[in-house]
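Please keep the sequence and the model in view while reading.

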Amino acid sequence: MGLFDFLKSDKKKAHDDAEKAAEQVQQQAGEGRRPPSGSAADAASATRATAERMAAAAPPRPVPATPTPTPASAAHKAVPAAPKPTVMPKPSASAAAPGSMHTPTPHSAAHKAVPAAPVRGPGSTARKRTYTVRPGDSLPAIARHELGNEARWRELYAMNRGAVGSNPDLVRPGTVLTLPG
């Protein structure tokens, strides 16, 4: 038998195997697509059915009661007390008004980046310094000209976040900014 005869016989075997597989598929389709007996699908469905029967026949499980630790028990000493949650102060209605001055709190990110502004007493008659934004202005340029340090633009933004908006790079002309002291 030559090499070509050998290749021809391999092709014929492959063709015959494909025909047998096609016949088996047609037979299964005619039988309602039932998988052959002894397959993994039969074992899985039998296991599932058995588990469902056992679950239906079993009485409901009682919830185990856990003893409450008393101050004198060893369990009480081994478990630390849960920390009490801290309550965050609610913002007042005037602080939520757009354009209102933002004062950084210990919980805000601005507080970590910007030093706190000095708090003036109720009897203070000092006027707030303001600046009206002109075309071409930016927060660093305003901080350099008005506050003497370009790096203080973050402080300027923190105080005027309500007027400037969420993008510190976009300062609209005509916006009135409050300058820090």
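A residue is called buried here when its relative accessible area is under 20%, exposed when that area is over 50%, and partly exposed in between. The model is a predicted one. By that cut-off, 13% of the 181 residues of the protein chain count as buried. The chain exposes about 14,800 Å², and carbon and sulfur atoms supply 60% of that area.

The protein chain has 7 helices and 2 strands. Read from the N terminus, their order is α-α-α-α-β-α-α-α-β. Among contacts between residues at least 6 apart in sequence, 47% join residues at least 24 apart.

Start with helix α1, which covers residues 3–30 and contains Asp 17. Asp 17 belongs to a negative surface patch, together with Asp 16, Glu 19 and Glu 23.

Which of its residues are buried? They are Leu 139, Ala 141, Ile 142, Ala 143 and Leu 147. These buried residues pack against three elements: strand β1 (129–132), helix α6 (153–159) and strand β2 (176–179). After α5 comes Gly 148, which has a positive phi, near 85°.

With neighbours within four places in sequence left aside, Pro 140 is in contact with Glu 150 and Trp 153. The C-alpha atoms of Pro 140 and Asp 169 are 9.4 Å apart in space, although 29 residues separate the two in sequence.

Next come the charged side chains. How many salt bridges does a search of the whole structure find? The search finds 3.

One of them joins the side chains of Arg 129 and Glu 146, with an N to O distance of 4.0 Å. This pair links distant parts of the chain, since Arg 129 is in strand β1 and Glu 146 is in helix α5, 17 residues apart. Arg 129 has a relative accessible area of 42% and is therefore partly exposed. Glu 146 is partly exposed as well, because its relative accessible area is 30%.

Another salt bridge is formed by the side chains of Arg 144 and Glu 150, at 2.6 Å from N to O. Arg 144 has a relative accessible area of 41%, so Arg 144 is partly exposed. Glu 150 is at 39% relative accessibility and therefore also counts as partly exposed. Glu 150 has already been named as a contact of Pro 140.

The remaining pair is Arg 152 and Glu 155, whose closest N and O atoms are 2.9 Å apart. Are the two partners buried or partly exposed? Arg 152 is at 23% relative accessibility and so counts as partly exposed. Glu 155 is at 12%, which means that Glu 155 counts as buried.

Note on methods:
Residues are numbered from 1 along each chain as its sequence is written. This is a predicted model: local features need pLDDT of at least 70, side-chain atom pairs count only at pLDDT 80 or more; totals for chains, interfaces and linings use all residues. Side-chain values use heavy atoms; hydrogens and water are left out. Contact means heavy atoms within 4.5 Å. Patches are made of residues with over 30% relative accessible area and no salt bridge: like charges are joined within 9 Å, nonpolar side chains (Val, Leu, Ile, Met, Phe, Trp, Tyr) within 5 Å. Accessible areas come from the Shrake-Rupley method with a 1.4 Å probe; for residues, only the protein chains shown count as cover. Lys and Arg count as positive and Asp and Glu as negative; His and the chain ends are not counted. The place of a charge is taken as NZ of Lys, CZ of Arg, CG of Asp or CD of Glu. Helices (H or I, at least four residues) and strands (E, at least two) are DSSP runs, numbered from the N terminus. Buried means under 20% relative accessible area, exposed over 50%, partly exposed in between (1.4 Å probe, protein chains only).
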